[in-house]
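The structure is shown first, and the notes follow by topic.

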Amino acid sequence: MPAAVFALIVSLLQLPSTKHLTVASSTSTNAAAPGSKVALYLDIVPRPGIHVYAPGAKDYLPIALKVDATSGLAVGALTYPKSQTMIFEGEKIPVYDKPFRLVQQVTLGRSLKAGEAVRLAGTLNYQACDDRVCFIPASVPVVWTITVL
């Protein structure tokens, strides 16, 4: 079985899931040389009828990713996709109510050794709502692993 197929199966078996959304973590590559940039992906699927807030939502908690500090790794920018606009009480609010992907850039440190597996952990924070109620803010732990070449 090719390594990419095996990695996909393993990631699907470990999907963090809440009653509001599912989250799948993956990387742009499973192995990279020291000094390389790697993209960490979070594919997020809100349940039907659920939305989460996008950056720029005033008075609401937008979805955010916090990657834990890891030795030998530099964390870069987090990229958000274009959001949808929801109108609530005459106010335009940026939300995600369809599947979307967050992309976190990281750079492997030059001091990392070949064969080393770098485990990155983080937390996805969000507040989900439906058309009647906003739920208590929630957190989902996420993990990625990159092998150093």
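**Salt bridges**

Asp130, Asp131 and Arg132 are linked in a network of salt bridges, a salt bridge being a side-chain nitrogen of Lys or Arg within 4 Å of a carboxyl oxygen of Asp or Glu. The model is predicted: local features need pLDDT of at least 70, side-chain atom pairs count only at pLDDT 80 or more, and totals for chains, interfaces and linings use all residues. Residues are numbered from 1 along each chain as its sequence is written, and side-chain values use heavy atoms, with hydrogens and water left out.

- Five salt bridges are found in a search of the whole structure.
- In the pair Arg132 and Asp131, the closest N and O atoms are 3.9 Å apart.
- Arg132 is exposed because its relative accessibility is 72%, and Asp131 is exposed at 70% (exposed means over 50% relative accessible area, buried under 20%, partly exposed in between, with a 1.4 Å probe and protein chains only).
- Arg101 forms a salt bridge with Asp43, with 2.8 Å between the closest N and O atoms.
- That pair links distant parts of the chain, with Arg101 in strand 9 (residues 100-108) and Asp43 in strand 3 (residues 37-46), 58 residues apart; strands (E, at least two residues) are DSSP runs, numbered from the N terminus.
- Arg101 is partly exposed at 35% relative accessibility, and Asp43 is partly exposed at 25%.
- Asp68 forms a salt bridge with Lys66, the closest N and O atoms being 3.9 Å apart.

- Four strands form an open sheet in the order 7-8-4-11, with antiparallel pairing (two strands pair if DSSP finds at least two bridges between them).
- Strand 7 (84-88) and strand 11 (128-129) are the edge strands, each pairing on one side only.
- Strand 7 and strand 8 (residues 91-96) run antiparallel and are joined by five bridges.
- Phe88 stands opposite Glu91 in strand 8.

**Two buried residues**

- Thr27, in strand 1 (residues 21-27), counts as buried because its relative accessibility is 16%.
- The side chains of Thr27 and Asn30 are joined by a polar contact of 3.4 Å (a pair of N or O atoms within 3.5 Å; within protein, one must be able to donate a hydrogen and the other to accept it, and residues adjacent in sequence count only if both atoms are side-chain atoms).
- Gln127 lies in the loop between strand 10 (117-126) and strand 11 and counts as buried at 15% relative accessibility.
- The Gln127 side chain reaches the backbone oxygen of Phe135 at 3.0 Å.
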